[in-house]
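Welcome! Take a moment to look over the structure below, and then we can walk through a few parts of it together.

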Amino acid sequence: MNKTTSLTILQQSEYDLTRWQAWLKAHQNEELTLEPADWTLKLKLIHFLSHCFFFLPVTTAIKVAFYLTQPAEFLIRQRAYARAQKKLKTYRQNGLQVVAIAGSYAKTSTKQILEHTLSGSQKILVTPKSINTMLGVAQVIEQELKPDHTLFVVEFGEYHPGDIYRLANFVQPDYGILTPIGHQHLEILGGFEQVVNELRSFVTFFASHLTRVLVHEGNRPYFSKLELTYYGEKKESQWQITDPSVSRAGTEFSLVQPQVSESKKLFSPLFGEHQAVNTLPSFWLAEKMSLPAAEVQKRVVTLPYIHRRHEPTFAQNDVLILDNSYNTNADSVQASLKLLNQLKPTRRLIVTLGFTETGVDEQKIHYAFGRTLVNQSEFVGMIKAPWTQSIIDGFLSAGGKRDQIVIGKTQEEAFAQLQGFIIPGTVILFEGGYQEIYV
Amino acid sequence: MSKIRLAVLFGGITVEHEVSVITGLQLIKNADLNRYDITPLYVDKNGQWWTGAALLDVDYFKTADLFNPTGLTSFILNPNKGQNQIDVAILCFHGAYGEAGNVQGLLELAGIPYQGPAVTSSAISFDKIITRQILKAEGINQAAYTWFTEHEWQSTPAPILEKIAELGLPVFIKPANGGSTVGIEKIKTAAELPATIERVLAYDQRILVEAEITNCIEVNVSVLGWAGNISASVPEQPIKADEFLSYADKYERGGSKKTGMASASRRIPAPISSSLTTKLQDLAKKLFHIFDTSGVIRIDFFVDPSEETIYVIEPNTIPGSMSFYLWEATGLKYSELIDRLVAIAQQRLADKEKLTTSFESNILKNQ
């Protein structure tokens, strides 16, 4: 195992040495070459320090380097937080507004849609890629926030209890958007109830001005005692999309807004009604900030595809690949499967790992997923994971046949085995499995 | 019922020679052999006409000298009506002569039905300047433009440069005639203008200069029919090779098994709303009528999806691959498209023969 691959896995395991070592042990005899998604400052530092211990085995050198970075990292963090907060305060006095996005999934899509739709009237900075920790946000403020920015959109990640509230206190958002809460990060946070509590604290931050937070309608059960503004597809939601129609051109839908009697017909090139729902926070925020809705509407029409979030690749013979491999969970996969069928494929191929961090229900959730897949795909490419057998058992129990399933160590290997099944008009869905740590 | 003797014409003296060969062979491959006896008619790069079974095999064209092909039978079209063993012809030419009305005129003389459009429509649609003038006269939205001849440029370049400056840079300099992108240049600074114009004058004596249209995507629509019976296809968005990561780039990394599956060079349907699609289809049908076209054509547009503004680029009277892929996406198989083209050809001739073209009396008798 080369050093870059080891560092990649260290980053993917969120610097949890136990998880990192377990992965290395499981793959010790394999020749894998992986590249980190992002060479962060922390990773660079570990990389640099590990060179000083060239006489040690690679894994040990990385481990020593990691421990050595800890005191330095603490100091770097404190310094970065203080500087970022000071800068943010100054810019806010000059009119900068801050929008925070939290939730289990759809955060990055919502963030990127906001960036595109509001950039006609605002000079926007969004936290890039999936940077969503306090240190990451602080670095973005320090390095990328400029005096002429008028809107700063910050994604909040929840990796440890209290993260969300700490982040909210840190950036003091003017507005908040809470995307769906789902079965994600269960292992890190300790269970679904902990995830709900963590994300509840996001709304708690806005307790004294609840009109400044917009909540996905799926989260309604967790806020039954509060008067909140919701968005989604149900008519109870104040911000709503209706009549969604998905084709290979994109998605048509109608926008229903509070205090506006007529709905607006809209088109977005992004695939799926869930992505149409993800445009609603843009309209809500435009209204809050007294920006023209017509401007948002015009920009929805030209939304760029979002990397690895149902990102399409158009192949010859009407074959369409939908890459939703960044992440998935038992809740969000429903939108993927619905979309797959809406695109009217001649054949459906799904390449999936299953779901990561499902906690104690791992077996049950994957067995159920396997059962679901029987009616949703003609062939399945499984990326090998500890729960693969549960998916297969579920698949077979629901009437699926073993020869409809292939298994590979990586996404590429699983897909390679499926390629003989591709016919004109096939839609291939990559659902989760992008991160190698779980393989 | 006896089979229709169908001649498929392709090749020609044009930079699009090879593309025409592909269009012709694709069409032959998809024609219903229970209905048609097919004669391939190939015009080589020197303008000689040929026929022969070897022309049915694409491999022949990979090795043959396309200026002086061998192993074929010379073909001479008789301009006298009824003297050719052809019931219907389908023209698969792209570019000069074959798409510009010349061959159409020859078939008119010989009384051979073909899918059209006829001589005038083919000629005016092929000329970018006349196309622009017709669009302007009809009040159809298009890019701002100006045009000039070689003689005008050589004698008084200053007013030409002034008119180009009024368009605003960048501009596209295009030869008036030419079905492909050969000879088209984009210029961004005034200093580049004179030398660029001189270069483009090597392709044509008449030059079109167009302003750039921004915030647009290219979208094409095919129209099929004759007279009042016309229909428009779903729209496509052509994808340029440098604009997308190829299928292989994304999914065949790391030495995994190769599929041979390539990235699509177009998106069908184009990523635009249904209302904009309807607007485009209506405009495409209107243009089909204005340019008096027939058969299967493709009209290229620029559209601003946000504003739903449409700009017409140009009609192509014999589109590459006969736009069969757009018709398949619209629900018409290629073999059915060919049947429609044959029927259109026959109907066009029948309609034409109903017209009065000469009188019984001979006015010379009274002289």
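This is a predicted model: local features need pLDDT of at least 70, side-chain atom pairs count only at pLDDT 80 or more; totals for chains, interfaces and linings use all residues.

Let us return to one residue of chain B. Leaving aside residues up to four places away in sequence, B:Met322 touches a set of residues including B:Ile90, B:Trp327, B:Tyr334, B:Leu337 and B:Leu341.

## A helix with a buried face

Now find helix α13 of chain A, residues 333–342, whose buried residues are A:Val333, A:Ser336, A:Leu337, A:Leu339 and A:Leu340. Viewed down the axis of α13(A), these buried residues fall within an arc of 160°, so they line one face of the helix.

What do the buried residues of α13(A) pack against? Their partners in chain A are the strands β7 (239–247), β11 (319–324), β12 (348–352) and β15 (427–431), together with the helices α10 (273–277) and α14 (362–374). After α13(A) comes A:Lys344, with a positive phi near 50°.

## Two helices side by side

Next, look at helices α2 (residues 17–26) and α4 (residues 58–93) of chain A: their axes come within 12 Å and cross at roughly 170°. The two helices, α2(A) and α4(A), are therefore roughly antiparallel to each other.

On the α2(A) side, the contact is made by A:Leu17, A:Trp20, A:Gln21 and A:Leu24, while α4(A) brings A:Thr59, A:Ile62, A:Lys63, A:Phe66 and A:Tyr67. Six residues of this contact are nonpolar, two are polar and one is charged.

Conventions. Residues are numbered from 1 along each chain as its sequence is written. Chains are lettered from A and ligands numbered from 1 in the order in which they are written. Side-chain values use heavy atoms; hydrogens and water are left out. Buried means under 20% relative accessible area, exposed over 50%, partly exposed in between (1.4 Å probe, protein chains only). Helices (H or I, at least four residues) and strands (E, at least two) are DSSP runs, numbered from the N terminus. The arc is that of the directions from the helix axis to the C-beta atoms. Contact means heavy atoms within 4.5 Å. Axes are lines fitted to C-alpha atoms, for helices over the stretch in contact, and angles run from 0 to 180 degrees between N-to-C directions. Angles under 35 degrees count as roughly parallel, over 145 as roughly antiparallel, 65 to 115 as roughly perpendicular and the rest as oblique. Ala, Val, Leu, Ile, Met, Phe, Trp, Tyr, Cys and Pro count as nonpolar, Asp, Glu, Lys and Arg as charged, and the others, Gly among them, as polar.
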